[in-house]
Amino acid sequence: TSAYSSPAKSLGDPGITPLSPSHIVKDSDADDAVEQLFLVVVAIDFGTTSSGYAYSFTKEPECIHVMRRWEGGDPGVSNQKTPTTILLTPERKFHSFGYAARDYYHDLDPSESKHWLYFEKFKMKLHTSGNLTMETDLTAANGKKVKALEIFAYALQFFKEQALKELSDQGGSDFENTEVRWVITVPAIWKQPAKQFMRQAAYKAGMASPENPEQLIIALEPEAASIYCRKLRLHQMIDLSSRAPVNGYSPSDTIGTGFTQGKEHVRRNRQSRTFMVENVIGEIWSELEEGDRYIVVDSGGGTVDMTVHQIRLPEGHLKELYKATGGPYGSLGVDYEFEKLLCKIFGEDFIEQFKIKRPAAWVDLMIAFESRKRAAAPDRTNPLNITLPFSFIDYYKKFRGHSVEHALRKSNVDFVKWSSQGMLRMSPDAMNALFKPTIDQIIQHLSEVFDKPEVTNVKFLFLVGGFAESPLLQQAVQSAFGSRCRVIIPQDVGLTILKGAVLFGLDPAVIKVRRSPLTYGVGVLNRFVEGKHPPEKLLVKDGTRWCTDVFDKFISADQSVALGETVTRSYTPAKPSQLVIVINIYSSEQDNVSFITEPGVKKCGTLRLDLTGTDASVPSRREIKTLMQFGDTEIKAMAVDVATSKSVKVGIDFLNY
């Protein structure tokens, strides 16, 4: 049996039983909430490796401003985002975020730094932990644990304060949080608990509140990218397909030159942080007709996720055709391969010790690797040099009693050499080999998506996200799929999601149809039918034979749901005199679920309708209407007693059960 014993048997109340055949109501005025007027939309792209924000005033939606230049910055990495790193003092108070956190941590004396709590790349924890709750911990570089919710709230609070400060400086008067609509992006492949976790962290950071949830929108990363890609003009992207010369270059040199040219263009515009989004449907888009399909591949630091969208004219709304898929195939995989390579050369025992004893130097080494990682390209012939921090060389000699150079000579890793300037020299092939496992997984996954029947005749593939800047990934995608569709890369590819998220915040209704990631339903009692129902589910109450634990389905996994669509069911208390009615909501990744006790079925909500004190002259068969509203990244449920119109509402909750 599952973690849930029969609710009917345990609660001592007979539960509810379906009253009517189910029906779906398209309820246009279901939400009478007055649309609040926000002065500005601020979107936060909270990434695994780097983060940033952008904003737009609702009065001039065609201007998107990307956040101010940050202090710090790395050689070979020019972008408007800051690393997703956070530093807490030994007393566990927030100290700094981004480059500032990294540099401060780095400058601490090793005897001090081991008391400070430094976190990086912590967003992946939300993707990888199977049973995420409000209590889930994160581990700092020094091995100490802190609640994940606190770290996420600190990070969001930092962005909130930065953005409000920038808006106030710009407007010359203090900007209030109430004037801002916040948008936070999350990967589409995250499970529901992780999306809810982000919302809870934002409430803790004071961006919105359970009383005012509309102030915060949780947007899905590839959807945001998709919205932005629709606005692209030809000069704002690089077309990798070899069908035609782009900007007068022949296809053979587009990848290289198109990008250099793009970079030049971006560099010249570096001073201006404002992007004009012309209020037109971009040229590339004008080639798309009603019903055309395109795929957005969002490849970031931690995850790669892809969605397939279809155009619905005339207004160009998007419809999700195939539920978001993907996995942990982000550019972190390349860092991991580099770490494996170091273990192979210097020994795993040494690398483990070094990370613990010299955490700041380890961070340094990974920064040096990052800038070389960005220099990897398919046609590169000269080696890539990675500077080893002095303390690495020094600590290795103490640890092993011989030099780093000696280790390289005897490790028989022949494509990594030692250069007399204290660097590791990697041949281009060696660097490309570090990318291979991750890129292979992405291509493999994309091939599987392309083979799905819903995904035939895809016209374009938009490659977005930070990892999409890698020429190795671009070339792999182009050579695998270039014959099936046009592969397009927006020029400021690392900021695509951020800008799309702002556009989404200005007009959340642009995405019209989503696929439900889970099957939802409620636990009910049905009349027991011999031969149909398993005997162990039989419950006899007041002479009536009930079958317990029945899963009454509201919506199936991968079913299309229009935004704001409401599904209604009617139930009646199994025992007429019952005054407290408890309706439990369950979810499952499986499509056909019959009983709530099946493996994989999770309880994710409870509606408790208390009818005590209501008029006794109620009809003998009380009707309880249950409504579930789908479509947004959040799901709302409600129960109404028809006779007294007493009602209760609840948000589906995956973290507290």
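Okay, ground rules. Residues are numbered from 1 along each chain as its sequence is written, and side-chain values use heavy atoms, with hydrogens and water left out. As the model is predicted, local features need pLDDT of at least 70 and side-chain atom pairs count only at pLDDT 80 or more, while totals for chains, interfaces and linings use all residues.

So how confident is the predictor? pLDDT is its confidence in each residue, from 0 to 100. The mean pLDDT of the protein is 78, and 79% of its residues reach 70 or more. Over residues 242-272, though, pLDDT stays under 50, and it also stays under 50 over residues 277-281. Where pLDDT is low, the predicted coordinates should not be read in detail.

Now find helix H11, residues 348-357. Helices here are DSSP runs (H or I, at least four residues), strands are too (E, at least two), and both are numbered from the N terminus. Which residues of H11 are buried? They're Phe350, Ile351 and Phe354. Buried means under 20% relative accessible area, exposed is over 50%, and partly exposed is in between (1.4 Å probe, protein chains only). Those three cover an arc of only 95 degrees around the axis, so they sit on the same side of H11. That arc is taken from the directions from the helix axis to the C-beta atoms. On the other side of H11, Glu348 and Ile356 are exposed. The buried residues pack against helices H10, H12 and H13, where contact means heavy atoms within 4.5 Å.

Next, the rings. The whole structure has 30 aromatic pairs. Rings of Phe, Tyr and Trp (its six-membered ring) pair if their centres lie within 6.5 Å; planes under 30 degrees apart are stacked, over 60 edge-to-face, and the rest tilted. Take phenylalanine 350 and tyrosine 395: their centres are 5.9 Å apart and their planes at 35 degrees, so the pair is tilted. It links H11 to H13, with the two residues 45 apart in the chain. Phenylalanine 350 has a relative accessible area of 0%, and tyrosine 395, at 11%, counts as buried too. Both belong to one aromatic cluster, which also includes Phe346 and Phe399.

Last stop: serine 588, in strand E30 (residues 580-588). Is it buried or exposed? At 2% relative accessibility, serine 588 is buried. Among the residues it touches beyond four places in sequence are Leu518 and Val601.

Key: pLDDT = per-residue confidence, 0-100.
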